[in-house]
Amino acid sequence: MLDSLFRPKAVAVIGASTKELTIGNRIIRNLTEFDFKGAIYPINPKGEEVRGLKTYRSILDVPTDVDVVHMVIPAKLVPQAIEDCGKKAVKFVILNGGGFAEVGPEGAAIEQACILSAKRNGIRIMGPNCQGIINTDPEVRAYCNFTFTRPDIGFISIVALSGGVAELIHQAFSEMGVGTRLYASNGNACDVSIPEILEYYGEDEGTRVIVLYVEGLREPDKFLQAAAKVAAKKPILAMKAGRTKEGATAAASHTGGLAREDISTDLIFEKTGILSFRDVSELCNAAVAFSSQPIPHGNRVGMITNAGGPAVISTDELVAGGLKLAHLSDRTVEYLKGKMYPEVGLHNPLDVLATAGPDHFRAALDAMVGEDQVDNVYVNMVTPFFVDTDGIARQVVQVNKQGIKPLIVNLITDRRQRGETVRILRDGGVAFYSMPGTAARAMAALNRYNAIRSRPAGQVRTFDDVDRARAEAIILQAQGAGRKMLSAAEAYGVLQAYGISVADWRIAQDAAEAEKAAAEIGFPVVVKADAESIVHKSDMGGVAVNLKEAGAVRGAVQEMSQKLQAEDMRFFVQKYLPGGREVIVGAKAEEGLGHLILFGMGGIYVEILKDVAFKLAPVTNIEAQEMLSSIKMAPLLKGVRGEKGVNEKALVETLQRVSQLVTEFPMIDEMDLNPIIAFEDGSFVVDARISVKR
Ligand code: ADP
Ligand code: MG
């Protein structure tokens, strides 16, 4: 429970300094100037007064209990200081200074010593190498932090390892006049973790929306659990950076974080219902809308404008963001009659004209809010000098206060001259922006969230016709023999044990056996070279398709034996299945997270086309269906230009069975079913590679 961290009654600063422009001085100043409601104890061996506060030589001299201790002392002194805090029954220590894991092995050893000492003493650590926390709750006002942007009270809570980014976001909210509720930047995060902080924010009643910035996830499973729980309660808006190899390297060498070029973070966001952003200013703009606006129930927008061009840009951006312009009903048109200037066209977007005053705007706003066809109201508001723009702003505020539908304003004004108009909107809790695209994207984010929230849950199907024992025996045998890659026979054996349809096959040692196998399977057949060293068979001439009679089978075997030298060479004889669509299904183990499941257009060009979709196992029926419909070539699966479509149900089932297989066998490292050949009446694996962890 992080209550004592975010709602401390007494805070001490070990390393409090009389010198301005030191962290040890700034924290004391931040606490006093922000009017912290608890006690503040500067600790300093010299005992000099700091910023007019009585200073103690040791934490042990402090007269009351202490919840939070900041440490602003050299890293090597920290473990001992934590021991002292233990004697004082301190609950949380915020390690603001650097010199820990982020600087190398020596610092990492000190960090380890801190963790041990804290554990022994029942103390939790925030940081090290971090800024700390902020709580703007009027009852608390804990500015336990050395950031320079004085907090404003608000409803958005921020969490990030990176102090730089957390501060950037926090500052953006102050500039936009919305403030912050809780703030946490935990640097190296050796103890108090992001999942824990998320859970705390989830329970904090004053937090309406959570903003998260990550560069990678340390304990993805814990994060997933916490995020799913919290995202069910309130919106989490997140950004993951370090998407490029270069960016990931910068992150790794900076906060000691674990960023890499991963997609699993995005998949976790998607699975848990976190709204993901690629751009930090877009994230901030959206958060402002979430902090004051209701979530829309649909994607139809009613637009009011008093300028032409901005409405055009806004419409483009809204449509690109998945919204559509609502059709106004006769009742609304009737309502507007006589309330607008006569030249006004009574349709959506409703151009009230530049000369429109407060009454015109109010009537237009009431019409949009009252219109059943409208789920979102978007206002383009230019402030010409010849109309009462303050009056218009007041009307907007009144309608905004009703909180019936999300209302987003694009305000085109000179803020220096129109300070009062801006103030009215800001104090009235209106979400307003100064660019049509920015405002439109904030509205699109609200709608994206509505779509996530109202998506059907889906079910993870568990097939009970699987032969788990047989699959297990095959895998254990390969592991026992020290092999990473399963042979073709083993791989197909595992697939069949899990009810995954494969093309009929046999293994042959030589040409005679291959001919016999082909006769059993029925011509035409395919012959493939099977040896541990041969990975991409067709690249090396190890695949011969459409063999129509025994002589062709013999010829293929002889040719492969000559061309490809391998001690363990066998021949894989398989039914030839012409004319279907080639797709790929794959799986890959992710450290601490289970498996990624992949679906896409398959065959030998899969790496070139890269037309694939990923999900996290276990995949639900809805997720499996989404994988099919989200690839670019999805229409090909449905059938185009008179061609027949494929049996999507069979593919969905294959995905679900693969998902079950890898979930039940975490030791499966990677799996490639490429291609699976899909037809109108079913689909069959014709190439399978499965590798296991040793
Ligand atoms: P690899 O991927 O190792 O090169 P595959 O077994 O995937 O070898 O075969 C390469 C290609 O040959 C497949 O993408 C497919 O186009 C074709 N092919 C392989 N087996 C069959 C089969 N049984 N029926 C029809 N086409 C096949
Ligand atoms: Mg293949």
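Val11 stands opposite Val68 in strand 3. Those two residues belong to a predicted model, where local features need pLDDT of at least 70, side-chain atom pairs count only at pLDDT 80 or more, and totals for chains, interfaces and linings use all residues. Residues are numbered from 1 along each chain as its sequence is written, chains are lettered from A and ligands numbered from 1 in the order in which they are written, and side-chain values use heavy atoms, with hydrogens and water left out.

Strand 1 (residues 10-14) and strand 3 (residues 68-71) run in the parallel sense and share 4 bridges. Strands and helices here are DSSP runs numbered from the N terminus (E, at least two residues, for strands; H or I, at least four, for helices), and two strands pair if DSSP finds at least two bridges between them. Step back and you get an open sheet of 5 strands in the order 2-1-3-4-5, with parallel pairing. At the edges sit strand 2 (39-43) and strand 5 (124-126), each pairing on one side only. From one strand to the next, the twist averages 20°.

Helix 3 (residues 78-87) lies across strand 1, strand 3, strand 4 (92-95) and strand 5, and runs at about 160° to strand 3. Angles like this run from 0 to 180 degrees between N-to-C directions, with axes being lines fitted to C-alpha atoms, for helices over the stretch in contact.

## Five domains

The protein is divided into domain 1 (1-141), domain 2 (147-292), domain 3 (294-454), domain 4 (456-503 + 579-694) and domain 5 (504-576). These bounds come from an automatic or database domain assignment. Taken over C-alpha atoms, the centres of domain 2 and domain 5 are 54 Å apart.

## Two helices crossing

How do helix 5 (residues 163-175) and helix 10 (residues 280-292) meet? Their axes come within 10 Å and cross at roughly 45°. That makes helix 5 oblique to helix 10; angles under 35 degrees count as roughly parallel, over 145 as roughly antiparallel, 65 to 115 as roughly perpendicular and the rest as oblique.

Leu168, Ile169, Ala172 and Phe173 of helix 5 make the contact with Val280, Leu283, Cys284, Ala287 and Val288 of helix 10. Contact here means heavy atoms within 4.5 Å. Sorted by class, this contact has 9 nonpolar, no polar and no charged residues. For the record, Ala, Val, Leu, Ile, Met, Phe, Trp, Tyr, Cys and Pro count as nonpolar, Asp, Glu, Lys and Arg as charged, and the others, Gly among them, as polar.

Strand 20 (residues 525-530) and strand 22 (residues 570-575) pair in the antiparallel sense over 6 bridges, and Val525 stands opposite Lys575 in strand 22.

Most residues other than glycine have a negative phi, and most peptide bonds are trans. Leu21 has a positive phi of about 65° although it is not a glycine; look for Leu21 in the loop between strand 1 and helix 2 (23-33).

The peptide bond from Gly127 to Pro128 is cis, with omega near 0°, and Pro128 is in the loop between strand 5 and strand 6 (132-135). The bond from Phe523 to Pro524 is cis, with omega near -5°, and Pro524 lies in the loop between helix 19 (511-521) and strand 20.
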